[in-house]
Amino acid sequence: MSDAGREALAIVLAAGEGTRMRSRTPKVLHRIAGRSMLGHALATIAEAGIGRVAVVVGPGHDAVAAEARAISPGAEIFVQQERLGTGHAVMAARAAVTGDVGEVLIIYADTPFVSVETLRGMRATVAEGAAVVGVGFEAKDPTGYGRFLMKDRRLTAIREHRDATDAERKVTLCNAGLMAFRGRDLPDLLDSLTDTNDQKQFYLTDAAEIAHAKGLVVNAITCGEDEVLGVNDRAQLAAAEAVMQQRLREKVMREGATLIAPDTVFLSFDTKIGQDVMIEPHVVFGPGVVVENDVVIHSFSHLEGAHVGRGASIGPFGRLRPGAKLGEKSRIGNFVEVKNADIGAGAKANHLAYIGDASVGAESNIGAGAVFCNYDGVNKHHTEVGAGAFIGTNVTLVAPVKVGDGAFVAAGSTITRNVPDDALAIGRGRQEMREGWAAARRQRYPAKKKDH
Ligand code: UD1
Ligand code: MG
């Protein structure tokens, strides 16, 4: 079989201990912009068109395996029982390197900023004849990184900082960690790795020197230092979050959204925002939000798993929870929470309401303090409000219940039975009046008590 037409394989190293995170959660499951670091790596791999994925996890890291499968259902999972180096980690996934594999890309799960272009560059360099490809970057401070030793534009070795001579330490072209191999050469190279170094580990990086000595082509490509930003502790996690947020904000602004104070708007990896959307300061987007054109999101709103139709308006202090679907030009005002509910075009809930598990027809009005009572302590039930209906102030709609098109529910009503189209429903205690009662009371208690 020729190399062309073979499949590419990505081996993702996710067996890191992450002790400096001080967390019960494995490091690569910590999230940046709403997605785990592992998820970011797998998404970039998929975007680069790499169809086969193997993930190397640490012993007992079932949650890491589950996340890998959730994002890349076909991912093969391998367990590295002992942590004996990057080469050892790749050996754990050796069974994934079958005869039909073309290029093998090694990717660390804790470097979430690797670009699709770099992965494509690695593949292309193997396709052009390299057996091994290293990815280098010019490090501002090279301390701790492996150094690229180059000769005649070939990579002759990658020397780990701790094993390098003083002269080698002067090299600033550093190893990003990513490597690519021609699949048919990788098994032999793995067999040739030894642990005769300062850390007594099997270094994947040694494969460069071994391949070069065998007369194979070993090339280097480069990437930006920003791509190799790694996460080892919570401070670096926050730094990575800041970089990711900056990228996401720039992206939505380039696509036509106005962010008055971009630094105060937090986006998720998958936030989709249309053109001429105005986002006021202090708005948070959890995962799964789509905002169509011409929407206004006022300050202090929180959106998650929601679809916002064209021209709608949210907040200030609006809360959209998963399954909220706002129709065109609908309005969700201050202190209104919407969960798993379709709000029809032009419908309004301007103040202080909870709309859960419901559908609200077009042009309906949900008054201040209206609550959709969707939960009976055991199950959730659905409420349907027809088109053009009017739900008065402080109404409670006890689900399951239906309010018909054009119906009018009086303020303060508790509605437990369906309301027909165009009907008036009043479900509240009748007001009683006693003429003169207040005046008589004042007669009985003429003076105000002191010290109250
Ligand atoms: C590695 C490189 C170094 C490079 C640097 C870039 C080697 C020998 N060194 O060093 O040249 O400049 O990355 O950041 O490769 N891992 C496992 N199992 C192991 C060991 C590591 O899965 O037994 C994973 C880690 O979780 C991590 C990655 O491999 O994602 C790199 O390991 P790490 O220990 O951070 O290597 P460095 O010493 O940083
Ligand atoms: Mg490292």
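Predicted model: local features only at pLDDT ≥ 70, side-chain atom pairs only at ≥ 80, totals over all residues.
1. Local features are given at pLDDT of at least 70 and side-chain atom pairs at pLDDT 80 or more, while totals for chains, interfaces and linings use all residues. Residues are numbered from 1 along each chain as its sequence is written, ligands are numbered from 1 in the order in which they are written, and side-chain values use heavy atoms, without hydrogens and water.

2. Around ligand 1 there are 18 residues, of which Gln80, Gly85, Thr86, Glu160 and Asn175 are the closest; a residue is near when one of its heavy atoms lies within 4 Å. By type, the shell holds eight nonpolar, seven polar and three charged residues, with Asp, Glu, Lys and Arg counted as charged, Ala, Val, Leu, Ile, Met, Phe, Trp, Tyr, Cys and Pro as nonpolar, and the others, Gly among them, as polar.

3. Polar contacts (pairs of N or O atoms within 3.5 Å) deserve a careful look. An oxygen atom of ligand 1 lies 2.7 Å from a side-chain N or O atom of Glu160, an oxygen atom of the ligand is 2.8 Å from a polar side-chain atom of Thr86, and a backbone N or O atom of Gly85 is 2.8 Å from an oxygen atom of ligand 1.

4. Helix 1, a DSSP run (H or I, at least four residues), spans residues 37–47, and nine of its 11 residues are buried, meaning under 20% relative accessible area with a 1.4 Å probe and protein chains only. Among the buried residues are Met37, His40 and Ile45, and after the helix comes Gly49, with a positive phi near 80°.

Definitions and conventions. Polar contact = N/O pair within 3.5 Å; in protein donor to acceptor, adjacent residues only side chain to side chain. Buried < 20%, exposed > 50% of the residue type's maximum accessible area, 1.4 Å probe, protein only. Helix = DSSP H or I, 4+ residues; strand = E, 2+ residues; numbered from the N terminus.
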